[in-house]
Amino acid sequence: MQNFITKEFSHAPSPISSREWKNKSEKERIMMISEKLKLNNLYDGFEVMNADDRAQIIIKVEKVIPASERGVLLLDLESFLKDSIEEAITIWLEPVGDKSKLRNLRGITF
Amino acid sequence: MQNTLSKSEKYISNTINTKEGKLILDSHKLSYHFDRVEAWESGERIAPISVDMALTRACGAMCSFCYAMVQEPQERSSIKVKQALELIDDFAEVGVKGISLISDGESTLSKAYVPFIEHASNVGIDVGNATNGWEWEPEKIDQVLPHLTWVRFTCAAGTPEGYSKIMFKSKDHTEVFDRAMKHIKYAVDLKKKLNLKVTLGIQMVLMPKFKDEIIPFAKLAVDLGVDYGVIKHCSDDEFGTLGVDYSKYEEMYDLLEKAESLTNETTKIIVKWDKIKDKGKPSYKRFYGPQFLLQISGSGLIAPSGMFFNARYSKLHMGNFADERFKDVFKSERYWKIMNYLASPSFDAQTMMGTLPIQHYVSKALDDHIKGEKKIVRASDKDPLHVNFL
């Protein structure tokens, strides 16, 4: 496998969301993605929480996926959604807050 | 020896001359690892030169600037001594040259801390350590200091009250300041006594609201007799969770220059101007740096950067060395799939990650190199201090 270290990638803009995507309501976008998730039981327990105008998708995952598996699983999912729905789609999981009781006294929240 | 570079030359080279050699804190050292740069450029799967990591996510401090607050992954594996030592073996096998114990926890609290450092030293890997120094007591210092390349003490302020307010519960809890100073002084004395090569420094992570501590911090570094006192920006995530206002740094330039002027023969006061002047936005879109400087969480999680430790960035999680050997992760397709994702248009470093990561200098240099804007060239001079810490 080659590294992607060409000039073109260094300069290349990241895809931006299409007018078609932006014209849909968030509810419609979530429904579209949810339908795609149902096609593969690997994504059982995945719930789409947000799908904003910029195609940033937040997914909640109930099950525990080992660190060795979740990276590729999610990158493949993102690639699948880019190909089938919208090129600008970028997926993220719900963030986890700091578990330090001491630091939590600072009141930083997500 | 005085710093012989003029101010303008210093800003170009970002090199500080010290009694013990050249110190580069506000730049990168890729020129001194040019073979690996060439291998990378030709498409080879290279091993990182440096790994930044922690042996635990635990920490007894509550620093208001702490990026670990936004780095919580799904799991917190407890790292066992055996796993930590195997990690060193794997680093040696693949070609890692330097390990910095910084990342997202206070490694001095781990049972693996002393054996980890000793083992790394035995197999020829350099180790540096950033610590608050609170639990870094004389017995521990005696054991590890001869094996360390550098120790950098997190020191948020120069006054006991300011320090305790920023790093602990309130300005009244100055016992943590006293404890840290006692341990730093012990290390400074031990270094002199044993004529150790280790570099000792203190670091202020500057948030604009604490600007009154800049000069006291510089004076403290000089008083302690450490080799340097460094002042750097504060990182924040892409959502501004920590509330860092980058527009305010410019107002502090005069104060920062005044702090630098306190430099003397023993102690250099260094400001990381390059990062501060970037104001939180990188020039690069692709993120090549992690291929040379990888990060591992104190939870055992292996991810390209600490910016991606949080569960939010799970698609960039490569594995956990508490579950499987590092060398197997490094050799896996998933490791390279994730690295290549960061180098592809799907990833935009300007919008999809926090500000100024530990890989910033390296990433900028590699990006400039590929674009032809500023080529990395093979170094022809003597290695600087800490050459294996990019």
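User: Which element gives the most residues to the lining of the second largest pocket?

Analyst: In this predicted model, local features need pLDDT of at least 70 and side-chain atom pairs count only at pLDDT 80 or more, while totals for chains, interfaces and linings use all residues. Residues are numbered from 1 along each chain as its sequence is written, chains are lettered from A in the order in which they are written, and side-chain values use heavy atoms, without hydrogens and water. Both α7 (175-194) and β7 (199-205) of chain B supply at least two lining residues each. The most, 3 residues, come from α7(B).

User: What is the volume of the second largest pocket?

Analyst: A pocket is an open set of points on a 1 Å grid over the protein atoms alone, where a 1.4 Å probe fits, with protein on both sides within 12 Å along at least five of seven lines; lining residues have an atom within 4 Å of a point. Of the 25 lining residues here, the closest to the centre are B:E20, B:L196, B:K197, B:V198 and B:T199. By class, the lining has 10 nonpolar, 8 polar and 7 charged residues. The volume is about 530 Å³.

User: Is B:V127 buried or exposed?

Analyst: B:V127 lies in strand β5 (residues 126-131) of chain B. Leaving aside residues up to four places away in sequence, B:V127 touches B:I99, B:L101, B:I117, B:A120, B:H147, B:L148, B:T149, B:W150 and B:F389, where contact means heavy atoms within 4.5 Å. Its relative accessible area is 0%, and under 20% counts as buried, over 50% as exposed (1.4 Å probe, protein chains only). B:V127 is therefore buried.

User: Which strands stand at the edges of the open sheet in chain A?

Analyst: The sheet has 3 strands in the order β1-β2-β3, with mixed pairing; strands are DSSP runs (E, at least two residues) and helices are runs of H or I, at least four residues, and two strands pair if DSSP finds at least two bridges between them. Each edge strand has a single partner, so one side of each is left without a neighbour in the sheet. These strands are β1 (46-51) and β3 (90-93) of chain A.

User: What angle does the direction of helix α4 of chain A make with that of β3(A)?

Analyst: Strand β2 (residues 56-61) of chain A pairs with β3(A) in the parallel sense over 4 bridges, and A:Q56 stands opposite A:T90. Helix α4 (residues 67-84) packs on the sheet, touching β1, β2 and β3 of chain A. Axes are lines fitted to C-alpha atoms, for helices over the stretch in contact, and angles run from 0 to 180 degrees between N-to-C directions. The angle is about 145°.

Methods:
Grid points are joined across faces, edges and corners, and a volume is the space filled by probe spheres set on the points. Ala, Val, Leu, Ile, Met, Phe, Trp, Tyr, Cys and Pro count as nonpolar, Asp, Glu, Lys and Arg as charged, and the others, Gly among them, as polar.
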